[in-house]
Amino acid sequence: MASSSSVNLEDVPSESLMTELLRRMKCATKPEKRLILIGPPGSGKGTQSPMIKDEYCLCHLATGDMLRAAVAAKTPLGVKAKEAMDKGELVSDELVVGIIDEAMKKPSCQKGFILDGFPRTVGQAQMLDEMLEKQGVKIDKVLDFAIDDSILEERITGRWIHPASGRSYHMKFAPPKVPGVDDVTGEPLIQRKDDTAAVLKSRLDAFHKQTEPVIDYYWKKGIVAKLHAAKSPKEVTEEVQKVLS
Ligand code: AP5
């Protein structure tokens, strides 16, 4: 049954329809892939994700983006998550596992997914394994964005984002065409509340204590590929492509 929000295809410009058709034809030939991106704040997970998503026709599930949307919309989930996020601490395992379980059911995840910022604790990794076992699938690769902490403050404090799309810029390393404005929509860019040097300290602390053991968890399964995330964005992209080809 057509819903009131369904799109009348006759109203969609032919060029957009053709582009989507060509995209779907290209995607039909791609193998399924299920990937995890792990790395400290500012290591480049969100920067590399759009390329991986487009190249392999995957959905991009970033728990940080989903939680920020819930906080902005003041949903019950957002209200629960806000305090921990503002302090740079992790949100409870149950909350994030619930949103990932739901998000994976989207049609855009048919060819697989990129998990960006999840799992972040060994408990989350175990719950993910149980979830995937029920679906009869498994993680193919874990990309470990390895980088020294000392590089991250400049990356984090110089980052500007377009909240609606998640597009990320950097005032020195990846500036927008017009300062303070998104290249695609022309809308204003903002800085994240947790992108300060002080909150970064807590986020790094959480990464080393709670998330690094997750890399060991997958290392034992033999599916971790280590990337040199301190290199330029282009060089990191080349490493990702080599690992995934
Ligand atoms: P989240 O949003 O996931 O933040 P994060 O992991 O801290 O990661 P970032 O988004 O900061 O870094 P990124 O690696 O994507 O860097 P980017 O590519 O933008 O999580 C936020 C909070 O949500 C958490 O603190 C927690 O409270 C909660 N949360 C989320 N998931 C959770 C979970 N699973 N469990 C519990 N709590 C959870 O790059 C950064 C900047 O550097 C950009 O400006 C970019 O342009 C630039 N840059 C990128 N690559 C390069 C390069 N190679 N060279 C130079 N500059 C570069």
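Modeller: In this predicted model, a disulfide is a pair of cysteine sulfur atoms within 2.5 Å.

Biologist: What makes Cys-59 and Cys-109 a disulfide?

Modeller: The sulfur atoms of Cys-59 and Cys-109 are 2.1 Å apart. The cut-off is 2.5 Å, so the pair counts as a disulfide. The angle about the S-S bond is 100 degrees, and the link of Cys-59 and Cys-109 is right-handed. Distant parts of the chain are linked in this way: Cys-59 belongs to strand β2, while Cys-109 sits in the loop between α5 (93-103) and β3 (112-116), 50 residues apart. Both cysteines, Cys-59 and Cys-109, are buried.

Biologist: How do you know that Cys-27 and Cys-57 form a disulfide?

Modeller: The same test is used. The sulfur atoms of Cys-27 and Cys-57 are 2.0 Å apart, and the limit is 2.5 Å, so this pair also meets the rule. The link of Cys-27 and Cys-57 has -85 degrees about the S-S bond and is left-handed. Cys-27 lies in helix α1 (residues 14-28) and Cys-57 in the loop between α2 (45-56) and β2 (59-62), so the bond ties together parts that are 30 residues apart in sequence.

Biologist: How many disulfides does this rule give, and which pattern do they follow?

Modeller: The count comes to two disulfides. With bonded cysteines counted along the chain, the pattern is 1-2, 3-4.

Biologist: Why is Cys-27 called buried, and why is Cys-57 called buried?

Modeller: Buried means under 20% relative accessible area. Cys-27 has 8%, so it is buried. Cys-57 has 9% and is therefore buried as well.

Biologist: What is noted about the backbone of Cys-57 and of Lys-74?

Modeller: Cys-57 has a positive phi of about 60 degrees, although it is not a glycine. Lys-74, also not a glycine, has a positive phi of about 55 degrees. Lys-74 is placed in the loop between α3 (63-72) and α4 (76-87). A residue is exposed when its relative accessible area is over 50%; Lys-74 has 67%, so it is called exposed.

Biologist: What kind of peptide bond joins Phe-118 and Pro-119?

Modeller: The bond between Phe-118 and Pro-119 is cis, with omega about -5 degrees. Pro-119 is in the loop between β3 and α6 (122-135).

Biologist: What makes the contact of Arg-23 with Glu-20 a salt bridge?

Modeller: A salt bridge requires a side-chain nitrogen of Lys or Arg within 4 Å of a carboxyl oxygen of Asp or Glu. The closest N and O atoms of Arg-23 and Glu-20 are 3.0 Å apart, so the pair qualifies. Arg-23 and Glu-20 are three residues apart in helix α1, which means a separation of about one helical turn. Glu-20 also meets Arg-24 in a salt bridge, at 2.7 Å from N to O. Arg-24 and Glu-20 are four residues apart in helix α1, again separated by about one helical turn.

Biologist: Which residues gather in a patch of negative charge on the surface, and which form a nonpolar patch?

Modeller: The negative patch consists of Asp-148, Asp-149, Glu-212 and Asp-216. Members of a patch need over 30% relative accessible area; Asp-216 has 45%, so it passes this limit. Asp-216 is in helix α8 (residues 197-219). The nonpolar patch is formed by Met-18, Leu-21, Leu-22 and Met-25, with about 420 Å² of accessible area together. Leu-21, in helix α1, has a relative accessible area of 46% and therefore passes the limit of 30% as well.

Notes:
Residues numbered from 1 in each chain as written. Predicted model: local features only at pLDDT ≥ 70, side-chain atom pairs only at ≥ 80, totals over all residues. Heavy atoms only, no water. Patch = residues over 30% accessible without salt bridge, like charges linked within 9 Å, V, L, I, M, F, W, Y side chains within 5 Å. Areas by Shrake-Rupley, 256 points an atom, 1.4 Å probe, with all protein chains shown as cover. Lys, Arg positive; Asp, Glu negative; His and termini not counted. Charge placed at Lys NZ, Arg CZ, Asp CG, Glu CD. Helix = DSSP H or I, 4+ residues; strand = E, 2+ residues; numbered from the N terminus. Buried < 20%, exposed > 50% of the residue type's maximum accessible area, 1.4 Å probe, protein only.
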